[in-house]
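This report describes one structure in plain terms. It starts from a single side chain and then turns to the chain and the interface around that residue.

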Amino acid sequence: MSVRRAPTYQQAAPERPADDDSDAEEEALANDYKEQVGYQDGQGYDLDRSGSLGGGPQDLQAQLQAAATPLEYGATIEAKTQSYDSYCNLFHFILNSEGPVDIEVPSYYWAWDVIDEFIYQFNSFCSYRQRIAFQQSTTSVNEEEVSVLRDNPNTWGCYSVLNVLYSLIQRSQISEQLAARKRGEDPAPYAGEYGSRPLYQMLGYFSVIGLLRVHCLLGDFSLALKTLDDIELNKKAMFARVMAANFTTYYYVGFSYMMMHRYADALRMFNHILIYVSRTKNFQKGAQYDSISKQNDQMYALVAICVAFYPTRLDDTIHTALREKYGEQLTRMQRGGPESLPIFEELFRAACPKFISPTPPDFENPQHNIDPVEHQLAVFMEEVKNNMYSPTVRSYLKLYTTMDLTKLAGFLEVDADTLRNWLLVNKQRSRQVRHSEGGLLEGDIVNSADLDYAMQGDLIHVAEAKVGRRLVDWYLRNLARAY
Amino acid sequence: MGVAFDYAPERPESIDTILNGLDRYNPETTGVFQEYVAQQCADQTYDCYANLALLKLYQFNPHLTRDETTTNILAKALTVFPSPDFSLCLSLLPPHIYAQAKLSQQSGPPASGTLAEAVSHLCILHTQLNSAQYAEFWNTIDGDDLYADLVADIQGFEEIMRVRIAVVVSQCMQEVQRDVLESWLNVRGSKFDNFVREICGWSVDGSVVKIPLNKENEARGTVVRESVKFEQFGRMVKRAYEQPA
């Protein structure tokens with residue numbers, strides 16, 4: 001996330017009529033189905049472009065700056081619409097000029113800032129519109145705003161945002177380049193006329209990360225992970241050079257894993273980036289660090305949720321910080337049972353992305369405009385509820401090597417059938433898909449629990465998986481101290 | 001070796017092309033995907049990744065939504081429990097449909113014949129399966145024609161579910177009482193013997209069904225050892241080179 005600092009929003013592009021639906025690139029995606037989503041595009045950019053983009057390189061530089069600059073807090077609806085229009089102008093110019101646009105990129109993280117801000121504004125606009133539509137019956141909302149939103153369903157339309165991202169990816173041939181790099185080849189021959197320029201290359205690259213984010217916001221978690229097929233998650237990856245990008249990537253990948261019930265993988269992602277942040281925070285005192293500190297807390301909340309599902313040993317620094325921030329909640333979640341449910345809800349709400357709905361809200365039926373965050377929360381809570389007795393079962397089984405089912409049921413004050421169900425549930429849940437190599441969606445089913453058991457009729461045989469001492473990390477750390 | 005989530009062995013090449021290209025957003029492909037879902041229902045194949053793409057098209061173009069296809073996708077996702085597929089499908093449904101479905105579990109069913117009603121029923125089945133209440137699951141299905149209708153399109157639904165439940169049992173148990181297993185699998189008498197012996201390869205010994213030991217149900221203690229990679233020592237080796245002797 002870029003820093004939301006004070007207003008320096010410059011409107012470089014002149015105002016355009018509000019009813020002109022802006023669509024950054026006509027050719028690739030939109031053509032066939034514009035009518036179906038209510039596009040009334042007709043007049044393309046070429047008609048009104050002359051005015052906005054005739055200003056030469058200086059004007060363009062100003063636009064580039066503006067695109068990376070956040071809107072001020074509480075911006076009016078006009079400002080939001082205008083901002084959308086200027087993004088469309090800018091992307092249209094970059095994508096559809098004759099030949100590649102030849103300009104210097106302001107800085108290496110500029111491309112990230114643009115894509116980040118673009119998606120941030122899209123995200124907050126959708127949430128805002130949803131909220132207005134939902135509230136219109138209950139509280140007094142600005143009628144004018146409602147009617148503007150109602151009349152312009154395509155402002156910040158989901159199709160156009162996706163269109164921009166996909167077009168930037170295609171133009172820059174970034175997927176081909178990344179695939180080549182993955183094979184160990186030189187990416188240059190695959191880059192093409194556009195992709196060989198830093199401007200396109202970076203915009204394309206960060207658009208891939210942007211897509212990850214948008215898919216996740218729309219609730220399509222498997223597609224979100226699929227999007228990163230070409231990007232290798234490691235320290236050498238390009239996104240790792242921009243702290244905010246690095247952080248965002250791991251957040252969304254980890255979150256998507258969590259929603260796919262792959263808690264071990266989610267934890268691996270969160271762990272990696274949180275350790276990275278804690279080790280580098282001394283060098284990152286500036287604005288970049290401030291902006292991620294809130295997200296940092298969110299990520300710890302997600303770690304707490306994942307650990308509650310999948311008890312595991314964390315890195316020492318993470319463990320300490322987690323205890324500090326969410327110690328009490330974690331203890332309660334790990335205890336399980338119905339009392340833990342509100343904690344899960346609270347942490348999920350605090351830490352989840354602001355989900356959005358791809359279609360404009362239904363202004364005629366305010367009650368239909370349920371907040372997508374509540375929707376995803378409800379889906380997730382089903383999984384939590386289903387699992388809530390596992391901690392209890394585990395805590396008892398740990399004490400025995402063999403145990404009679406009816407006796408244990410007596411301890412737990414449930415009947416034998418219920419306990420049998422709980423045991424089956426817990427056993428299934430301890431089998432998780434875990435990534436080992438290849439794309440993010442790949443993985444093997446492994447036993448992730450430190451406890452294993454099997455039933456022989458009513459007799460439960462319990463076996464523990466002991467974890468050997470972890471020496472390497474300790475050894476390396478102390479060695480580093482001796483340098 | 002596990003398989004990637006987006007992999008489906010029987011997926012036709014034409015579908016694969018759509019999924020990997022921008023046509024997955026093209027509302028005109030809705031028909032293709034719908035036919036593909038129908039085909040999956042008929043020939044007992046399953047392709048969650050493609051089905052999610054269709055739900056996504058519905059999400060973007062609500063007016064194209066076909067309730068019947070949506071419920072078929074959800075019912076198909078039930079057949080692979082306890083995998084997350086059903087939840088992933090729910091995540092792509094319109095929020096108000098799911099909210100109505102959830103609400104109905106407290107305050108009576110929504111208007112009959114609506115998608116919300118179907119979803120709410122499928123959610124009940126999903127919860128029962130995921131909390132291992134298999135006997136209740138079969139009771140629910142047999143107790144109301146509505147449920148039977150929901151899974152009617154899925155060829156061999158009951159048989160698939162029986163096999164899935166048997167897989168769970170084989171992971172958790174070495175021996176199980178006959179009457180318990182009968183209620184979980186919803187087959188009794190000679191049919192039960194036949195299923196357990198022929199399809200599962202287990203043996204029936206009086207009132208106890210014996211399941212051969214496998215990797216999952218033997219409950220053997222293990223010691224997890226640290227896996228050490230050479231890369232972890234990279235810095236140290238580098239350091240050793242850099243440091244003048």
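In this predicted model, the side chain of Q432(A) reaches the backbone nitrogen of A264(A) at 3.1 Å. A polar contact is a pair of N or O atoms within 3.5 Å; within protein, one must be able to donate a hydrogen and the other to accept it, and residues adjacent in sequence count only if both atoms are side-chain atoms. Q432(A) sits in strand 2 (residues 431-434) of chain A. Its relative accessibility is 5%, so Q432(A) counts as buried (under 20% relative accessible area, with exposed over 50% and partly exposed in between; 1.4 Å probe, protein chains only). Leaving out residues up to four places away in sequence, Q432(A) touches, among others, H261(A), R262(A), Y263(A), Y310(A) and D444(A); contact means heavy atoms within 4.5 Å.

This is a predicted model in which local features need pLDDT of at least 70 and side-chain atom pairs count only at pLDDT 80 or more, while totals for chains, interfaces and linings use all residues. Residues are numbered from 1 along each chain as its sequence is written, chains are lettered from A and ligands numbered from 1 in the order in which they are written, and side-chain values use heavy atoms, with hydrogens and water left out.

Chain A contains 21 helices and five strands; these are DSSP runs numbered from the N terminus, helices being H or I with at least four residues and strands E with at least two. The table gives values for chain A as a whole.

| Item | Value for chain A |
|---|---|
| Residues that count as buried | 58% of 483 residues |
| Contacts with a separation of 6 or more that join residues 24 or more positions apart | 72% of these contacts |
| Accessible surface | about 20300 Å² |
| Part of that surface on carbon and sulfur atoms | 50% |

How many residues of chain A are in contact with chain B? There are 69, and they meet 68 residues of chain B. Together the two chains bury about 6200 Å², 59% of it on carbon and sulfur atoms; buried area is the accessible area (1.4 Å probe) that two parts lose on being put together, summed over both. Three salt bridges cross this interface, a salt bridge being a side-chain nitrogen of Lys or Arg within 4 Å of a carboxyl oxygen of Asp or Glu. D220(A) and K56(B) form a salt bridge at 3.3 Å, N to O.

Note on methods. Accessible areas come from the Shrake-Rupley method with a 1.4 Å probe; for residues, only the protein chains shown count as cover.
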